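Here is a structure to look at.

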Amino acid sequence: MQISSRFTLAVHIFACIDTFKDEYKVTSDFLAGSTNVNPVIVRKILGQLKAAGLVTVARGTGGTWIPKPLNEITFLDIYRAVDCVEKGELFHFHENPSTQCPVGKNIHNILDEKLDRVQQAMEKELESITLEDVKRDTQKFMKAENKEVE
């Protein structure tokens, strides 16, 4: 099972907002053009990011911007804002393991702590990456493309 694509879509949205903020009014339609995703989905994600205080959205065609420094927004902030996993749990257990089976009745005791450690490790890594890292890489790849075109 994969983490929802809302996470990577949200990071893509941030990269566009930062990259194009001085050239264009960054609207959900503009972002939909870059992400190739329906503007309604983009608006839903923007709403989640706004609720988390990670973006500011002007109503109508006012545009979107990032209200705080990129080095203060981590992948973990974004991950949590867009609800990538159900109930905040990365791993979802299958329903009703057999209580008659010695493995089934103990599977939570067997796995819960291990899966919690895996999720904590992933969240620690997400917390170590910021949108500043994304900006740096975006600029690097855009420069490389420009050199290829010349």
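Q: Why is the contact between the side chains of Arg80 and Glu123 called a salt bridge?
A: A salt bridge is a side-chain nitrogen of Lys or Arg within 4 Å of a carboxyl oxygen of Asp or Glu. The N to O distance for Arg80 and Glu123 is 3.6 Å, so the pair meets that rule. This is a predicted model, in which local features need pLDDT of at least 70 and side-chain atom pairs count only at pLDDT 80 or more, while totals for chains, interfaces and linings use all residues. Residues are numbered from 1 along each chain as its sequence is written, and side-chain values use heavy atoms, with hydrogens and water left out.

Q: What makes Arg80 count as exposed?
A: Its relative accessibility is 51%, and exposed means over 50% relative accessible area, buried under 20%, and partly exposed in between (1.4 Å probe, protein chains only). Glu123, at 16%, is therefore buried.

Q: Why is Asp133 called partly exposed?
A: Asp133 has a relative accessibility of 23%, so it falls in the range between the two cut-offs. Arg136, at 46%, is partly exposed too.

Q: How do you know that Arg136 and Asp133 form a salt bridge?
A: Their side chains meet at 2.4 Å, N to O, so the distance is within the limit.

Q: What makes Asp18 buried?
A: Asp18 has a relative accessible area of 12%, so it is under the cut-off for buried. Its side chain meets that of Lys21 in a salt bridge of 3.0 Å, N to O. Lys21 is partly exposed, at 42%.

Q: How many salt bridges does this rule give?
A: The count comes to five.
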